[in-house]
Amino acid sequence: MGKLFGTDGVRGIANAELTPEMAFILGRAATYFFGKEHAQPVFIIGRDTRISGHMLECALAAGICSAGGKAIAIGIAPTPAVAYLSRKLGAQAGVVISASHNPFADNGIKFFAGNGYKLPDAAEEQIEALVLNKEDVLPRPTGDKIGIVEYRPELVSDYEDFVISTVKGSFNKLTIVVDCANGAASRVAPAVLKRLGAKVIVLNDSPDGVNINKGCGSTHLHQLQEAVLEHKADIGIGHDGDADRCLAVDEQGNIVDGDQIMVICALNLMRDGQLKDNTLVTTVMSNIGLHRAIKEAGGKVIITPVGDRYVLEEMLEHGYVLGGEQSGHIIFSAYNTTGDGVLTALKLIEAVNMSDKKLSELAALMTRYPQVLVNVRVKSKQGWQENKAIANAISAGDSELADNGRILVRPSGTEPLIRVMAEGPDLDQLHRIVNTIADTIRKEQS
């Protein structure tokens with residue numbers, strides 16, 4: 001068996017690749033790991049709405065109990081709620097059962113440390129080594145040393161109270177459409193917006209186990225765009241399956257992506273003197289327009305590799321308070337320890353509210369230069385960087401764009417994909433360059 005942990009936990013097709021047996025041994029291994037300094041380590045377990053979530057939650061909790069730990073199952077909850085509650089309740093770890101924006105048949109298991117941050121690589125490697133050991137030599141306590149499970153779905157309300165507490169003022173003059181993606185935001189997102197006084201129109205808040213992310217949410221914004229126009233709403237918010245990210249739609253029905261959200265929030269923080277060193281942290285995927293907007297406002301941008309963990313590492317090292325990705329995975333480190341879609345939505349709406357301007361006006365502070373992204377499904381993500389044909393195709397594209405744009409080719413951290421992105425002023429040129437590189441990758445890696 002190969003490496004278990006990817007860039008965002010252990011993922012796979014539920015009951016085929018990510019089996020209940022795997023969840024059970026992960027629970028046992030994590031309990032042993034976190035139990036080195038605690039007689040009965042406590043785990044907060046949350047899940048999204050996938051049909052396989054019940055199965056994996058039960059297996060994971062059983063593994064925790066069999067190794068002497070305590071599982072507190074909070075049921076359906078946003079990923080950032082698990083991070084927050086782990087920290088608030090003094091648990092040794094949090095566990096999220098979700099595959100985020102992936103189709104419903106996939107699922108995943110992701111750990112947070114008790115401080116609310118994702119586990120460092122070294123910790124994941126130690127847990128992985130315990131799981132992959134051919135012989136299960138982990139302790140099996142008996143009698144009153146066997147662990148227990150508590151079911152505490154009401155704890156999710158504590159997270160709602162927390163995100164509401166971060167907001168200045170009321171939303172009572174706003175009409176907001178929220179698309180919950182039939183996922184973990186289905187109860188929480190509408191509830192907090194209503195408690196803040198907004199008139200709320202809710203889409204896709206009826207999960208049935210298989211409709212999570214299906215034609216809806218932050219990965220499929222057409223429903224949200226139509227609903228914003230139909231209801232003459234001020235703002236639309238689209239969440240993903242585990243609610244750790246969000247995108248928006250302005251009152252004209254135009255998409256406001258993560259880059260634009262970061263610019264709006266960064267400039268709002270700058271005006272209040274709350275953006276540390278006037279610095280925003282983002283990845284190589286962010287649009288050139290973001291860099292220009294922040295620079296024109298007197299700020300600066302720090303660039304990291306793709307992945308929220310790299311953004312967070314940079315933020316923690318230097319004390320920066322805002323960072324994120326174009327996908328809408330945004331971290332407000334003054335409030336939470338991971339990307340938080342519900343919190344991001346509230347801070348965006350707050351910025352609109354405080355500005356007394358429409359979202360379209362604020363989004364226009366950043367000129368979004370054309371980007372073309374193609375995901376190439378491959379049999380293997382290995383060896384593409386050493387492939388001469390692929391290298392030559394990329395080099396040719398770089399030469400053609402010169403100083404007017406850029407090309408970024410990288411493997412997905414969670415799927416068998418290689419992503420090809422190009423950015424520049426001429427959309428037709430970008431499509432041609434990206435398709436040429438993508439076709440080469442398909443030929444060489446299939």
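Biologist: Why are H8 and H9 called roughly parallel to each other?

Modeller: In this predicted model, H8 and helix H9 (residues 288-296) pack at an angle of about 10°. Angles run from 0 to 180 degrees between N-to-C directions, with axes fitted to C-alpha atoms over the stretch in contact. Angles under 35 degrees count as roughly parallel, so H8 and H9 are roughly parallel. Their axes are 10 Å apart.

Biologist: Which residues in H8 and H9 meet?

Modeller: Asp259, Met262, Val263, Ala266 and Leu267 in H8 meet Leu290, Ala293 and Ile294 in H9, contact being heavy atoms within 4.5 Å. The residues of this contact are seven nonpolar, no polar and one charged. Asp counts as charged, and Ala, Val, Leu, Ile and Met count as nonpolar.

Biologist: What makes a nonpolar core, and how many residues has the largest?

Modeller: A core is a set of buried Ala, Val, Leu, Ile, Met, Phe, Trp, Tyr and Cys residues joined through side-chain atoms within 4.5 Å; buried means under 20% relative accessible area with a 1.4 Å probe, protein chains only. The largest has 70 residues, and helix H8 (residues 258-271) gives the largest share, nine residues.

Biologist: Why do S9 and S12 count as edges of the sheet?

Modeller: The order is S9-S8-S10-S11-S12. Strand S9 (199-203) and strand S12 (255-256) each have a single partner strand, so one side of each is left without a neighbour in the sheet. Pairing needs at least two bridges found by DSSP; two bridges join S11 to S12.

Biologist: What do the numbering and values rest on?

Modeller: Residues are numbered from 1 along each chain as its sequence is written, and side-chain values use heavy atoms, without hydrogens and water. Local features need pLDDT of at least 70, side-chain atom pairs count only at pLDDT 80 or more, and totals for chains, interfaces and linings use all residues.

Key
Buried means under 20% relative accessible area, exposed over 50%, partly exposed in between (1.4 Å probe, protein chains only). Helices (H or I, at least four residues) and strands (E, at least two) are DSSP runs, numbered from the N terminus. Angles under 35 degrees count as roughly parallel, over 145 as roughly antiparallel, 65 to 115 as roughly perpendicular and the rest as oblique.
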